[in-house]
Amino acid sequence: MEQMTVTAAQMKEIERAADAAGLSYRQMMENAGSRAYETICRRLPFRRSAVIFAGKGNNGGDGFVVARLLAEDGGTVRVVLCEGPPVTEDAAYNYTRMTGVEIWPIEELEAAQQAEILSSELIVDALYGTGFHGGLRLNGLRAAELMNDAKGVVCALDLPSGVNADTGAVAAGAVQADFTVTFHARKQGQTVPAAAAQCGDIEVVDIGIRV
């Protein structure tokens, strides 16, 4: 699996086929978040504080799964909403499942909250994933700056925000991850040296797709 590379469009088709074969999109999201959580626990077994930066799409939904599991594990977990509430059905479902997690809209961050973000032991980038192209918008730039300035370890889900999944182009201000948990297969852009450097260590995880 780790030698296989796919484009964003190919990954979308793989997920569509998996859903048609009986592995629902919702279960794929749960599997993705769970495998990311397990990877984080293996790499950072003693972390107690985490901040998840979430977008409004399914990458944010993966982040909500991670946040829920980290909170259930007893950690202090905050979720920063970078583009407002989730807009996809499965992300919205996982948003409602989080308990014991403080939700902070990025537009309303106060100085004390920013200080907590910067001192957190773990930062999870669940902002854009494979859907990113072009440049980072204002909220994306602010989120990426906070992630890059934080002292904690940065884990990106699928791709660091600001990296194009197909071309490997790295936008100005993109997130610099310490490691990236990539779902099912490496994305084509991750073979580009600049993008690979932005990802840090790349770990491909199985999310249950067998088609």
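I take helices (H or I, at least four residues) and strands (E, at least two) as DSSP runs, numbered from the N terminus, and I set the expected span of a helix at 1.5 Å times one less than its number of residues. The model I am reading is predicted, with local features needing pLDDT of at least 70, side-chain atom pairs counting only at pLDDT 80 or more, and totals for chains, interfaces and linings using all residues. Residues are numbered from 1 along each chain as its sequence is written, and side-chain values use heavy atoms, with hydrogens and water left out.

I then listed its buried residues (under 20% relative accessible area, with exposed over 50% and partly exposed in between, 1.4 Å probe, protein chains only), and they include Met28, Glu30, Asn31, Tyr37 and Ile40. Helix α3 (residues 58-72) reaches 21 Å with its 15 residues, close to the 21 Å expected, and 13 of those 15 residues are buried, so I noted α3 as mostly covered. Just after α3, I found Gly74 with a positive phi of about 95 degrees.

**Entry 2, the sheet.** I traced an open sheet of seven strands in the order β4-β3-β2-β5-β6-β7-β9, with parallel pairing, where two strands pair if DSSP finds at least two bridges between them. Because β4 (101-105) and β9 (201-205) stand at the edges with a single partner strand each, one side of each has no neighbour in the sheet. Neighbouring strands are turned against each other by 20 degrees on average, direction ignored.

I followed β6 (residues 153-157) on both sides: four bridges join β5 (residues 122-126) to β6 in parallel, with Ile123 opposite Val154, while three bridges join β6 to the parallel β7 (residues 179-183), where Thr180 is the bridge partner of Ala156. Four of the five residues of β6 are buried.

At what angle do α5 and α6 pack? I read about 50 degrees between α5 (residues 111-119) and α6 (residues 138-149), with the axes 8 Å apart; axes are lines fitted to C-alpha atoms, for helices over the stretch in contact, and angles run from 0 to 180 degrees between N-to-C directions. That makes α5 oblique to α6, since angles under 35 degrees count as roughly parallel, over 145 as roughly antiparallel, 65 to 115 as roughly perpendicular and the rest as oblique. In contact (heavy atoms within 4.5 Å), Gln114, Ile117 and Leu118 of α5 meet Arg142, Leu146 and Asp149 of α6.
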